[in-house]
Amino acid sequence: MTDTTISPRGGVPERPSLDGLEETWARRWQEDGTYAFDRTKERSDVYAIDTPPPTVSGELHMGHVFSYTHTDTVARFQRMRGRTVFYPMGWDDNGLPTERRVQNVYGVRPDPSLPYDKDWRPPAAPVDDAARKNPTAISRRNFIELCELLTVEDEKAFEALWRRLGLSVDWSLTYTTIGSAARAASQRAFLRNLARGEAYQAEAPTLWDVGYGTAVAQAELEDRERPGAYHRLRFTGPDGREVLIDTTRPELLPACVALVCHPDDERYADLVGAAARTPVFGVEVPVRAHPLADPAKGTGIAMVCTFGDLTDVTWWRELRLDTRVVIGRDGRLLPEPPAGVPAEPYAALAGQTVNGARRTLVELLADAGDLVGEPRPITHPVKFYERGDRPLEIVSTRQWYLRNGGRDAGLREELLARGRELRWVPEHMRHRYEHWVGGLTGDWLVSRQRFFGVPVPVWYRLDDAGEPDWSHPLTPDEAMLPIDPTSEPPPGYEETQRGEPGGFTGDPDVLDTWATSSLTPQIVGGWETDPDLFARVFPMDLRPQGHDIIRTWLFATVARSHLEHGALPWHTAVLSGWILDPDRKKMSKSKGNVVTPMALLERNGSDAVRYWAANGKPGMDLAFDPAQVKVGRRLATKLLNASRFALGLGAADALRAAATQPLDTAMLAELSGVVATATTAFDGYDHTAALMATEAFFWRFCDDYIELVKERAYGTGPAADSARAALATALSVQLRLFAPVLPFVTEEVWSWWRYGSVHRSPWPTTYEVGRAMEAPGDPELLRLAADALGQVRRAKSERKLSMKADVPLAEALGPAAVLDRLGTVADDLRAAGRIAKLDLLPDRTTELVIACAF
């Protein structure tokens, strides 16, 4: 590594400024290839980062700035340590968020039954609410083209912000999760999962988002507190016995298939094995026992419906109960009753929404005298898709699943072992992973009933009646990938046979966005397409990500890599926290407390915002604090001015000279300790500790050392040469220590007096600092001199004198050993304090005291 290969020295400007540095250096870095990945290096010289691809369905927010800054400090540090850094940037542009954004912006909805219209054009500007409520139907292909159009524009805005922030990304490595390479990798991995029996298709109860019209996976659920009500229903047991049931979902009464109590509940022991009749419908259902029934909840006996919640699914599966589905994919009750349910009472519910059916059924129960008492209002957790706005339903659908240990104890243990093999920063985040894996209740549902995504790459033969053969899917050769089975025929078939008896049909679904995002190391690493690159970057060194998606992105990536490669996808995972508003509430658009990053960057400068971000440790939440951003700008400004001052003294020409004077070697000795601290911190992914140590020293350097030494540095002779040599080494080292956090100002100052880029220069070492000293220094000596100068300043301040006021006499009192050490820097102290005469009076006090006479 060298610092002499990129750009010439620019000289010290008369009036240095932070303004405009981002545009200047972002352009120069791109032109010079400062951050280009060198793919000729061996794997041991490569540091590979699996960068999170942000979702391109809105605006980047301060949480992105926060976490991506952390990753960038790692990339810059590793690059300065001599590694060639593989640092790509991706855009997660497929999936539900993008579809919803397109629908809202253009007021459209996809309709697969419509033909493609090559002449259709979207509205020239975003539409109003009326158009969103009455969207225009367009073909699937037209809709996908519109998604592609909008994501391209979003990606341009995202890239502009990342460049403004100073991310040291190699922009030639950019990818998208809907791009050809990503689609091919995702489909290839799925087909291999299918061939190994890890992917399978099943007709089963499915969590369904009515608003989006698609299945969702366990990892995408969240509980939200919602108002509800307990309704007490009167069932009829043997010999007319009254059996009371509490439920929050009376509209599911026609879907009831059993009553369940706990095996040890004596109240209902005599009912187990018998049957009861439902109110209103009079359907006979069995009474069964199961340990999940809670004797303390409600009346202690529950009705099982297909399907009200996940517990219903468990009871239905384990007790082998009948199936009576009443809710369709549109969230309305089906037009016809399930088998065994009388049509007459059901007719009042058919086609109604869930809420409408609930009201109707409560009226029917009340009319029949089977509603006991009034409904009791409650607040309870209801399951939602994390991006949805309507409660989830459970409907029976045919879906694709990927084995993830949820139903395989052996695979579960293997994935837990992978978690223990991974290095976690901070370490306690591993427990979240283990809690998630240990609590899985089913395999990963990877198919989605949407449009803008990676197509499930299979077809199905149609029999003579035109029915699909689900059990024997037709698959493409990997060389054909990527493919779209809805517009391309399978091998051996013609497009004219699509949908015809004896022909074929393509799978209409797409893969879950995580099924593609979980392969980011393979996508960017050239898996199966660039074996040389893949060997140099995989497994990768780092996965940075938010702690809230351990259960989705991190776990899914570990699972896919384990199944495909029998290895972890990376060695280390660094987890970031959330950004809170000044009241320590999580920032979110719904709360209206989001800060827009670009305006903040333009107003305060990117280094100032990065400084704020770097004050947040891995795994810890950080409140957005405008005052902290201002501190960052003040630091960057001081770095400009202090550097200009030091270089104005001639420090640039003394860089490789040795420091000989005690104060100079004392400062360098302390700096050597800072280098050791910052290096250890960065090696441990603790950018905050590195910044704190560097910043604390920098202010002592400016406020104490420069003030103490500047008079000497203005002069000539060996002592002045020593000061300039120490200033040069200290400036060079501090610029490199700050470079990972403050890339723009450090590059600007570096360009004044050094060749090349500070970001391609070697990370400072204690050896380098030690070599700049003629003899080992005493770091405490600088603190002692600073203490003495501080007392002189206070004396002037108390008398309301200028700091430039002369001090005719100063007496230094203290232990003899302390004064002996102070005597070695007495000339610098006298010059800095403008002291005419300094007397050292040993053993008069137990601590150093400077008494000034005016």
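1. Strand S7 (residues 199-209) and strand S16 (residues 393-402) pair in the antiparallel sense over 10 bridges. Here, two strands pair if DSSP finds at least two bridges between them, and helices (H or I, at least four residues) and strands (E, at least two) are DSSP runs numbered from the N terminus.

2. A word on the basis: this is a predicted model, in which local features need pLDDT of at least 70 and side-chain atom pairs count only at pLDDT 80 or more, while totals for chains, interfaces and linings use all residues. Residues are numbered from 1 along each chain as its sequence is written, and side-chain values use heavy atoms, with hydrogens and water left out.

3. Next, a helix pair. The axes of H24 (residues 779-798) and H25 (residues 816-823) come within 10 Å and cross at roughly 90°; axes are lines fitted to C-alpha atoms, for helices over the stretch in contact, with angles from 0 to 180 degrees between N-to-C directions. H24 is therefore roughly perpendicular to H25 (65 to 115 degrees). Glu 780, Leu 781, Leu 784, Ala 785 and Ala 788 of H24 meet Val 818, Arg 821 and Leu 822 of H25, contact meaning heavy atoms within 4.5 Å.

4. Do look at the second largest pocket, with about 1500 Å³ of space. A pocket is an open set of points on a 1 Å grid over the protein atoms alone, where a 1.4 Å probe fits, with protein on both sides within 12 Å along at least five of seven lines; lining residues have an atom within 4 Å of a point. The volume is the space filled by probe spheres set on the points. Of its 50 lining residues, the closest to the centre are Thr 248, Arg 249, Gly 308, Asp 309 and His 380. S9 gives the largest share of the lining, seven residues.

5. Finally, some backbone details. Most residues other than glycine have a negative phi, and most peptide bonds are trans. Cis peptide bonds join Val 425 to Pro 426, with omega about -5°, and Leu 481 to Pro 482, with omega about 0°. Arg 320, not a glycine, has a positive phi of about 55° and lies in the loop between H7 and H8 (343-347).

Definitions and conventions. Angles under 35 degrees count as roughly parallel, over 145 as roughly antiparallel, 65 to 115 as roughly perpendicular and the rest as oblique.
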